[in-house]
Amino acid sequence: MAASRRITLYHSPASRAFTAYWMLEELGVPFDVRTIDIRKGEQKSPDYLKLNPAGKVPTLTDGQVVVSENPAIAIYLADRYGYGTLAPKIDEADRGAYLKWMVFSTAVVDPVATLHEQKIDLPGFNFSFGAFDDMVQVLTGVLDDRDYLLGKRFSAADVVLGATLSRLLYQKVLPPDPVLLDYNGRLTAREAFHRAADATWPSHLFPVA
Ligand SMILES: N[C@@H](CCC(=O)N[C@@H](CS)C(=O)NCC(=O)O)C(=O)O
């Protein structure tokens with residue numbers, strides 16, 4: 001049944017939509033791509049806002065399903081097309097950590113790193129995303145003794161965290177900690193990562209929007 005559905009990814013080059021693109025490449029499912037050029041303001045068009053009222057990319061449609069926010073897209077796709085492989089099953093012990101790292105990636109890592117890049121370092125206690133140094137310590141701590149967030153097993157959580165981490169290392173927002181660099185090296189060596197980068201990240205559009 002799933003094979004007859006048609007997936008469309010609404011993305012913009014050199015944007016956080018890379019995460020969803022990489023996710024689709026990892027799954028190897030067919031999908032159409034619609035470019036919403038955020039540099040031309042197309043993400044605020046009335047038609048696109050009907051799909052994603054936040055006016056941001058990415059958004060993914062799959063039949064009647066409309067989903068936005070990278071972790072939600074990744075969870076949806078992995079459950080539907082990679083259940084038990086890229087997504088731990090609901091009863092597996094790894095499922096809790098898997099969901100935690102998905103959410104942590106865009107609820108904590110991305111906002112606190114973006115603020116840090118702007119030289120805004122807020123006291124962690126009062127903010128849901130905590131302090132920048134604490135976030136770095138959490139990441140180096142979990143990745144210190146393992147290949148991937150769930151140990152030996154690569155999962156969709158590595159796509160969501162990895163896409164963010166890779167960009168932040170490239171932009172030198174994250175420190176070149178050997179643990180983070182090793183992990184990034186394992187992820188960026190993946191063929192699916194390369195296919196997504198080649199398709200969505202023209203070098204003249206660096207840095208990320
Ligand atoms: N929380 C969103 C963030 C997506 C996001 O930040 N998209 C940016 C591009 S990198 C965007 O669409 N910006 C255009 C705008 O805000 O007008 C996610 O994880 O999917």
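**Contacts, domains and backbone features**

Colleague: Leaving aside its neighbours within four places in sequence, with which residues is Met102 in contact?
Modeller: The model is predicted: local features need pLDDT of at least 70, side-chain atom pairs count only at pLDDT 80 or more, and totals for chains, interfaces and linings use all residues. Residues are numbered from 1 along each chain as its sequence is written. Two residues are in contact if their C-beta atoms, placed from the backbone, lie within 7 Å. With the sequence neighbours set aside, the contacts of Met102 are Pro71, Ala74, Ile75, Ala157 and Val160.

Colleague: How many Å lie between Met102 and Ala157, C-alpha to C-alpha?
Modeller: Met102 belongs to helix α4 (residues 94–117); helices (H or I, at least four residues) and strands (E, at least two) are DSSP runs numbered from the N terminus. Met102 and Ala157 are 55 residues apart in sequence, yet their C-alpha separation in space is 5.1 Å.

Colleague: Why is Met102 buried?
Modeller: A residue is buried if 20 or more other C-beta atoms lie within 10 Å of its own, exposed if 12 or fewer, and partly exposed in between, with C-beta atoms placed from the backbone. Met102 is buried because the number of other C-beta atoms within 10 Å is 24.

Colleague: Which residues does Leu24 touch, not counting those up to four places away in sequence?
Modeller: Leu24 sits in helix α1. It is buried, since 26 other C-beta atoms lie within 10 Å. Beyond its sequence neighbours, Leu24 touches Leu9, Val29, Phe31 and Leu77.

Colleague: What is the bridge partner of Leu9 in β2?
Modeller: Strands pair if DSSP finds at least two bridges between them; β1 (residues 7–11) and β2 (residues 31–35) do so in the parallel sense over five bridges. Within β2, Leu9 is bridged to Val33.

Colleague: Which elements give two or more residues to the side of domain 1 that touches domain 2?
Modeller: Eleven residues of domain 1 are in contact with eight residues of domain 2. On this side of domain 1, the elements giving two or more residues are α1 and α3 (70–81).

Colleague: Which residue takes a positive phi in the hairpin of β3 and β4?
Modeller: Strand β3 (residues 59–62) and strand β4 (residues 65–68) run antiparallel and are joined by four bridges. Their hairpin has two residues between the strands, and the one with phi near 65 degrees is Gly63.

Colleague: What is the phi of Glu69?
Modeller: Most residues other than glycine have a negative phi, and most peptide bonds are trans. Glu69 is in the loop between β4 and α3, and it is partly exposed because 18 other C-beta atoms lie within 10 Å. Its phi is positive, near 75 degrees.

Colleague: Is Lys119 buried or exposed?
Modeller: Lys119 lies in the loop between α4 and α5 (132–143). Its phi is also positive, near 65 degrees. Because Lys119 has 6 C-beta neighbours inside 10 Å, it counts as exposed.

Colleague: What is omega for the cis peptide bond that joins Val57 and Pro58?
Modeller: Pro58 is placed in the loop between α2 (46–51) and β3. For the cis bond from Val57 to Pro58, omega is about 5 degrees.
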